[in-house]
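Welcome, and please load the model in your viewer. We will walk through some charged side chains, one selection at a time.

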Amino acid sequence: MKLRPFTGTITALVTPFRQQKVAFDDLSRLVEFQIKSGINGLVPVGTTGESPTLSHEEHMDVVRAVIADGKGRIPVIAGTGSNSTQEAVGLTKLAHDAGADAMLVVAPYYNKPSQEGVYRYFATLADVTDRPIILYSIPGRCGIEISVPVVERLRARYPNVRWIKEAGGSVDRVDQLKQALGSDITVLSGDDSLTLPFMAVGAEGVISVASNLYARKVARMVGLALAGDFPAAGRLHRVRLYGEMHRFIPAWLSTVTSSKRIAQEVVTHHPRIHGESKYGISRTFRVLLDLFFVYFFMRDRKSTRLNSS
């Protein structure tokens with residue numbers, strides 16, 4: 001398989017549901033919307049796509065569906081990480097066989113292995129596929145980071161390990177990776193709001209959640225930054241992208257009074273993202289809360305509990 005670039009704006013896709021089942025028609029529409037909006041790649045069943053709540057069968061059905069819907073137009077990067085090495089190996093092999101262009105592999109969460117354990121985990125996965133593996137470091141969720149020396153060891157041994165999604169919230173960390181590895185490592189931001197600061201010190205794009213809704217604007221902002229036009233990218237970031245989000249979300253939240261109404265508002269606000277999560281609240285809603293500061297919701301509704309049944 002010809003190596004494809006993994007830079008620019010790559011969307012971590014949500015997984016739409018209807019009646020407790022994956023809504024594949026809605027997923028297909030979302031994929032088409034992303035491609036027509038200029039997105040550079042798609043990540044099905046990352047954690048944004050509810051990989052922890054999908055069965056293995058559902059997981060691979062989503063990967064295969066996105067590959068089929070993409071029709072080779074842009075890279076598809078399958079989420080295959082786990083805190084079980086053998087589970088991650090199994091998913092990686094299946095994604096390879098399904099035709100995924102690459103795999104996004106999160107560090108083992110909850111287990112908190114040593115850095116030697118982290119190295120061996122990724123080395124085991126790199127031994128079962130020659131497709132690109134994008135490391136995913138998110139210490140806030142995993143309790144550990146993928147250290148720079150581990151990245152260096154993996155890069156030195158495996159030619160298919162030269163990308164990392166960095167979601168540690170630190171510009172210094174991005175700079176350290178680039179200082180250590182230079183052009184031998186491609187860093188992708190894992191935090192939408194830090195995309196431009198990360199790119200200013202060498203990152204080459206973002207694996208974005210916001211682009212599920214604001215695909216064209218995120219792609220435009222990242223494209224400007226890749227072209228070196230940071231002033232224009234910054235204006236888009238502050239005014240047209242995050243400025244719009246910050247105005248929309250608090251106003252929208254003030255119009256809803258229950259979790260069911262919230263789910264209805266989310267899935268009707270954007271016609272290309274429908275369905276509800278397996279637990280009754282739109283996954284898109286949970287993503288939006290992550291992105292647009294749950295503070296705005298909790299400040300006014302401290303006594304409200306979101307019913308996930």
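Begin by selecting Asp-26, which is buried in this predicted model, at a relative accessible area of 2%. Show both side chains and you will find a salt bridge between Asp-26 and Arg-29, at 2.3 Å from N to O. Both residues belong to helix H1 (residues 24-36), where they sit three residues apart, about one turn of the helix.

Arg-18, Asp-26 and Arg-29 are joined in a network of salt bridges.

Next, select Glu-32 and Arg-73. Their side chains form a salt bridge, with 2.9 Å between the closest N and O atoms. This pair connects distant parts of the chain, 41 residues apart: Glu-32 is in helix H1, while Arg-73 is in the loop between helix H2 (56-70) and strand S5 (77-79). Colour by accessibility here: Glu-32 is partly exposed at 25%, and Arg-73 is partly exposed at 36%.

For the last stop, move to helix H4 (residues 115-126), which holds both Glu-116 and Arg-120, four residues apart, about one turn of the helix. Their side chains meet in a salt bridge at 3.0 Å, N to O.

Terms used:
Residues numbered from 1 in each chain as written. Predicted model: local features only at pLDDT ≥ 70, side-chain atom pairs only at ≥ 80, totals over all residues. Heavy atoms only, no water. Salt bridge = Lys/Arg side-chain N within 4 Å of Asp/Glu carboxyl O. Helix = DSSP H or I, 4+ residues; strand = E, 2+ residues; numbered from the N terminus. Buried < 20%, exposed > 50% of the residue type's maximum accessible area, 1.4 Å probe, protein only.
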